[in-house]
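Good morning, and thank you for making the time.

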Amino acid sequence: MNPTATPVRRQLHPPPVPASPFPYHPGSLLSVGDLSLDGISLILTRATALENQDPLTRDRILAKRRVALLFYESSTRTRTSFELAAKGLGADTTLVSSLSSSIEKGESLKDTGLTLRALGAEAIILRHNASGAAWLLEAETRLPVLNAGDGMHEHPTQALLDLRTILAHFDPSTKSCHPERAKRVEGPASQISPPHSIHQVTPETLAGVTVSIVGDILHSRVARSNMLLLPRLGARVLLCGPKELLPDLAALAGPGIAIERDFEAALRQSQAIIMLRIQAERLAGLQLDLEEYKARYQLTGQRLAAHAPEAVVLHPGPIIRGLEVTAGVADGPQSVILEQVRNGVAIRMAVVERALLAETAKGGRA
Amino acid sequence: MTALAIRGGHLVDPAAGVDLPKDILLKDGRVAEIASPGKLKSANGADVLDATGLTVAPGLVDIHVHLREPGHTHKETIATGTAAAAAGGFTAVAAMPNTLPVNDSPETTRWMQAPERGAVIRVFPIAAATRGSKGDAINDYAALKSAGVVAVTDDGLPILKDNIMREVLAAAARVGLSVIQHAEDTRLTQGAGGAASMNLGPVSFRLGLRGMPPEAESSLVERDIRLVTELRDARAHLHVAHISTAAAVAAVRQARRNGLRVTCEVAPHHFLLTEEHVGLYNTNAKMNPPLRSAADRDAMIEAILDGVVDAIATDHAPHAVHEKEVEFENAPNGIIGVETALGLCLRWLHKEWKMPIGRVLSLLSAQPAALLGMKGRGTLTVGSFADVVVFDPKAEWTYNAREGKSKSRNTPFDGWTMQGKVRWTISEGRIAYERAS
Ligand SMILES: [Zn+2]
């Protein structure tokens with residue numbers, strides 16, 4: 001005990017924080033924290049199996065099951081990815097977007113959710129501009145809810161597809177990533193997921209690996225899901241960006257997270273680099289000089305070659321070429337950005353299947 | 001009016017220094033006689049309440065409630081809000097002016113106190129400090145005071161301009177009114193991206209919610225204390241509403257050492273809960289000021305135990321169920337509190353943290369009544385108002401918000417164990433609440 005510390009005057013035993021009731025439905029995926037490592041392994045395994053399965057048998061898995069996509073924000077990539085995933089398993093999908101529905105007329109999220117349930121939706125995939133919206137929807141509908149991005153909070157399927165991408169390039173014997181490994185986006189699916197890719201994850205799977213997340217951490221749900229997921233597999237997460245976009249307290253979000261404000265120092269330590277988009281729409285009021293930002297944090301071919309020539313470069317999209325990354329890096333040999341897109345469909349097939357078969361399947365819940 | 005004799009109870013009246021078995025006689029709205037058990041002289045013909053095994057104390061006084069009337073009667077009315085308060089042991093409440101219209105006039109003040117409102121206990125309106133609570137033009141405090149106002153505030157819309165706040169403090173001091181400030185520098189809490197919805201810290205970062213820094217509270221408290229220092233000769237009284245941060249409490253503590261008239265209240269949720277109780281976006285844990293860090297919460301407990309805090313006040317803020325069943329950042333601020341204050345204070349301050357029951361009751365009656373100049377309340381001596389709460393101090397019970405008297409049920413304490421069950425609440429000699437025995 002430190003004798004100079006102020007003595008605690010009395011031992012307070014304040015009321016405890018009650019345990020979370022979420023998720024209510026075992027098929028829901030609200031946060032990466034809802035998944036046990038076994039649950040993550042199962043999703044990775046099913047993603048590969050479903051990807052490799054004959055589409056003609058695959059679309060019987062969820063034949064005629066009803067999945068609603070409820071999108072309060074425009075999104076091409078995530079929406080299309082989920083839609084293809086659900087349809088690839090034979091499910092019927094319906095899209096409700098904020099521009100084409102009663103949402104516009106001021107209906108609450110609760111009422112929209114209850115209406116979808118009454119119409120027969122068996123699961124809802126939700127993208128919403130408010131943090132926590134997926135929890136509200138799940139509590140009110142008690143349906144399996146897949147969080148496709150809630151405000152600045154989480155985007156769990158993005159973190160899972162990033163993980164799948166990193167694992168496909170990962171060599172456990174050297175604890176390093178190889179950009180060229182698994183580097184085929186064209187061609188038969190079986191070549192996308194090489195047989196040696198890791199599916200069974202443990203707390204040591206990524207031990208010794210450093211993943212840098214660079215840019216607008218403050219407003220990024222992709223950053224939050226990744227920084228909560230990757231350290232559970234042993235990875236160290238380095239957050240990199242200016243104070244305006246990366247407050248010091250981000251390092252307290254969970255174990256295995258540290259802040260490195262020097263971009264090149266972060267690059268030198270990293271086997272994988274996740275570049276984030278500058279969210280111009282959220283910058284209102286922040287004093288941020290974009291030219292200065294680019295000078296300090298833009299990933300250029302020169303920086304990459306000098307400091308991280310072996311690392312893989314990820315980006316959740318949409319990319320603003322010439323801002324956070326140069327076109328040369330986005331299209332270059334270390335970029336795995338299009339693989340991420342491809343992995344997104346596979347991961348989402350696995351989580352949609354999990355959502356609708358959760359009651360019969362065992363496991364997968366933290 | 002018939003007389004009422006309360007027999008066999010144990011009288012705890014901290015202001016009078018009484019903690020003894022006593023019988024008490026109430027007549028014509030006042031305390032007529034206090035005597036040792038069985039020794040009341042003038043109780044012939046009085047109705048009798050048998051308080052054997054129960055504690056008899058001055059009715060509780062809550063100096064921070066939102067009764068929502070006029071204007072927001074779907075959340076609460078003066079009738080339902082006072083019924084809820086009576087069930088919680090309160091005999092007087094001070095009602096905040098953020099109604100529709102804002103209470104900034106003697107007319108609204110009198111309207112709120114009219115018998116037609118159906119209040120079952122005494123309502124003391126608090127008026128807006130500025131016209132429409134817009135922070136510019138100062139109201140006529142003398143006229144408001146003669147209409148029955150006990151303090152002025154722009155609660156929820158803090159007065160940021162130094163010159164206006166200085167004028168408010170000086171003008172209120174001239175007529176002997178207190179100024180209550182909801183201390184929040186809104187320039188730090190309402191950024192371009194929208195209003196912050198919880199305490200700024202690791203939890204708000206993790207949840208992806210915009211955070212309110214603790215400095216938004218403490219810096220305004222410090223500014224207000226500077227103004228009170230300048231107005232020292234005028235004896236301006238600043239009362240800090242629902243204080244919630246360690247830094248703000250430290251500023252109040254220092255101001256008191258400097259001999260200034262600076263007081264503060266703490267709400268039960270701020271000495272019991274932390275930002276972790278927001279859980280996964282529980283909108284019934286959203287209020288302003290927000291639930292703070294564990295260090296801040298512990299500082300509230302310490303400040304209550306060591307006497308810096310002058311009152312426990314609930315900030316009772318009813319909202320309809322559908323208003324809270326929305327995205328966290330879109331939900332309105334506030335929780336109800338009048339039906340749980342006594343039960344929580346006895347369960348935690350008294351039972352858990354060993355605060356003597358008399359001191360707990362003083363924070364809930366004598367001190368807040370004195371603070372806002374409610375003469376003849378908060379104590380039970382002969383001649384004072386017959387405002388009494390009779391409760392079983394040992395009884396434990398589980399709070400069920402659905403069974404409450406309030407119109408609303410937005411509370412984080414649903415299902416919590418309470419200690420101290422109210423048997424009767426008597427307001428100026430009339431039974432305002434009675435629990436079936
Ligand atoms: Zn307030």
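Let me begin with a definition: helices (H or I, at least four residues) and strands (E, at least two) are DSSP runs, numbered from the N terminus. Arg142(A), for example, sits in the loop that runs between helix 5 (133–141) and strand 4 (145–150) of chain A.

The model is predicted; local features need pLDDT of at least 70, side-chain atom pairs count only at pLDDT 80 or more, and totals for chains, interfaces and linings use all residues. Residues are numbered from 1 along each chain as its sequence is written, chains are lettered from A and ligands numbered from 1 in the order in which they are written, and side-chain values use heavy atoms, with hydrogens and water left out.

I turn to chain B. Its secondary structure comprises 13 helices and 23 strands. The chain is as compact as a globular protein of its length, because its radius of gyration is 21 Å, close to the 22 Å that the globule rule gives for 437 residues. Here the radius is taken over C-alpha atoms, and the rule is 2.2 Å times the number of residues to the power 0.38. Along the principal axes, the C-alpha atoms of chain B fill a box of roughly 70 × 45 × 40 Å.

How much of chain B is buried? Of its 437 residues, 63% are buried. By that I mean under 20% relative accessible area, with exposed meaning over 50% and partly exposed in between (1.4 Å probe, protein chains only). The accessible surface of chain B comes to about 15,100 Å², and carbon and sulfur atoms account for 49% of that surface. These areas come from the Shrake-Rupley method with a 1.4 Å probe; for residues, only the protein chains shown count as cover.

Contact means heavy atoms within 4.5 Å. Among the contacts in chain B with a separation of 6 or more, 74% involve residues 24 or more positions apart.

As for charge, chain B carries 47 positive and 49 negative side chains, and the centres of the two sets are 3 Å apart. Lys and Arg count as positive, Asp and Glu as negative, while His and the chain ends are not counted. Each charge is placed at NZ of Lys, CZ of Arg, CG of Asp or CD of Glu.

Chain B is divided into domain 1 (4–56 + 385–406 + 417–434) and domain 2 (59–371), with bounds that come from an automatic or database domain assignment. To their contact, domain 1 of chain B contributes 25 residues and domain 2 of chain B contributes 31 residues. Taken over C-alpha atoms, the centres of these two domains of chain B are 28 Å apart.

Lys27(B) belongs to strand 4 (residues 23–27) of chain B and, at 33% relative accessibility, is partly exposed. Leaving aside residues up to four places away in sequence, Lys27(B) touches Ala3(B), Ala32(B) and Ser42(B).

Ser204(B) lies in helix 5 (residues 202–207) of chain B. Is this residue buried or exposed? Ser204(B) has 1% relative accessibility, so it counts as buried. With residues up to four places away in sequence again excluded, Ser204(B) touches Met198(B), Asn199(B), Leu209(B) and Gly211(B). Arg7(B) is 197 residues from Ser204(B) in sequence, and their C-alpha atoms are 53 Å apart.

Tyr281(B), in the loop between helix 8 (268–272) and helix 9 (294–305) of chain B, is a residue other than glycine with a positive phi, near 70°. Tyr281(B) is buried, at 8% relative accessibility.

Now to chain A, which has 12 helices and 11 strands. Of its 366 residues, 57% are buried. Chain A exposes about 15,000 Å², with 56% supplied by carbon and sulfur atoms. For contacts in chain A between residues at least 6 apart in sequence, 75% join residues at least 24 apart.

Where are cis peptide bonds found in chain A? One joins Phe22(A) and Pro23(A), with omega about -10°; Pro23(A) is in the segment before helix 1 (37–52) of chain A. Another runs from Gly317(A) to Pro318(A), with omega near -10°, and Pro318(A) falls in the loop between strand 11 (312–314) and helix 11 (327–330) of chain A.

I close with Arg142(A), where we began. Its phi is near 55°, a positive value in a residue other than glycine, and with a relative accessible area of 45%, Arg142(A) is partly exposed.
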